[in-house]
Amino acid sequence: MTHTTDKSITEAKIVAIGGGHGLGRMLSALSEFGENVTGIVTTTDNGGSTGRIRACQGGIAWGDTRNCINQLITEPSVGSMIFEYRFRGNGELNGHNLGNLMLKALDNLSVRPLEAINLIRDMLKVKTHIVPMTEHPADLSAMTKGGEVICGETSVDELSDIPQRLYIEPAVPATKEAVVAIQQADIILLGPGSFLTSVMPPLLLKEIEVALKKCQAKIVFVTNLDKEHGPAGMMDLSQMLNWCERSMGGRQIDTVLTDVKRDELDERYNQHIASLASNNHQWRHDREKLKQAIHGIIMAG
């Protein structure tokens, strides 16, 4: 990546890959970059409101996309209140998030799921691009060390050991806008978030693997501030980096953004060490600190 000056820092093309709260946090931290930021969102969730909608209506998982949009809403409005509303009660609507239902309804009315996202973005004045990793229904599967195949994100999270490998079932194509965003990016951010079920799924799509392998961007892995529960919590940082690199066709990660020096890491990784934790919750990234850290990495060129 070419050196980025002060004048051009806000012109940097940034791609953030992941899902859930982690990607939403990252995108909201980078909201001042506006349309120069693209979030590539995992679409394999099969739990909660999202899982129930998928079970009865099919389609991609909308929960992670909704979470990202929620965190990007800067102007509270009736529209944003509606989008964030969650039903309570004893009936079938109990636990459903209205934003998920809205996205699914717009998906049914649109030619492509991406059109549904863009309609919501326009309505809620969200400038950041949000692109699903694929527009085709698919699930995350894992093969255990004993050779058993486990299907579904929630089942992967419940594994008692690190899986042998992950894959997307069926083998669906990546969204072409996601591939183009990677090709044009100056910097690509992996994480933070649930490693196996948020960060990894997009990397398992062939077109994204190839795009990441060939891209000229600086690739940055953003560490979590706390140990995860489940099998991802049994992995050390070196294992996570190796999994990412294997899924990017051998393309090496350039920089690791971390809150403490990681002595266990190979010297080939550039460690960018910065205070990242929120003052209120030590396990949550602070938006302003995250923004300043990414600024620093972009400035380093």
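Does lysine 125 count as buried or exposed, and at what relative accessibility? In this predicted model, local features need pLDDT of at least 70, side-chain atom pairs count only at pLDDT 80 or more, and totals for chains, interfaces and linings use all residues. Residues are numbered from 1 along each chain as its sequence is written, and side-chain values use heavy atoms, with hydrogens and water left out.

Lysine 125 counts as exposed, because its relative accessibility is 54% (exposed means over 50% relative accessible area, buried under 20%, partly exposed in between, with a 1.4 Å probe and protein chains only). Lysine 125 sits in the loop between α6 (113–123) and β3 (129–132); helices (H or I, at least four residues) and strands (E, at least two) are DSSP runs, numbered from the N terminus. Most residues other than glycine have a negative phi. Lysine 125, though, has a positive phi, near 60°.

Now for the strands, which pair if DSSP finds at least two bridges between them. β4 (residues 139–143) pairs with β6 (residues 165–169) in the antiparallel sense, over five bridges, and here serine 141 stands opposite tyrosine 167. β4 also pairs with β5 (residues 149–151), again antiparallel, over three bridges, with alanine 142 opposite isoleucine 150. β4 and β5 make a hairpin with five residues between them, and glycine 147 in the turn has a positive phi of about 90°.

Then come the peptide bonds, most of which are trans. The bond joining glutamate 169 and proline 170 is cis, with omega about -10°; proline 170 is in the loop between β6 and α8 (176–184). Another cis bond runs from glycine 191 to proline 192, with omega near 0°, and proline 192 lies in the loop between β7 (187–190) and α9 (195–203).
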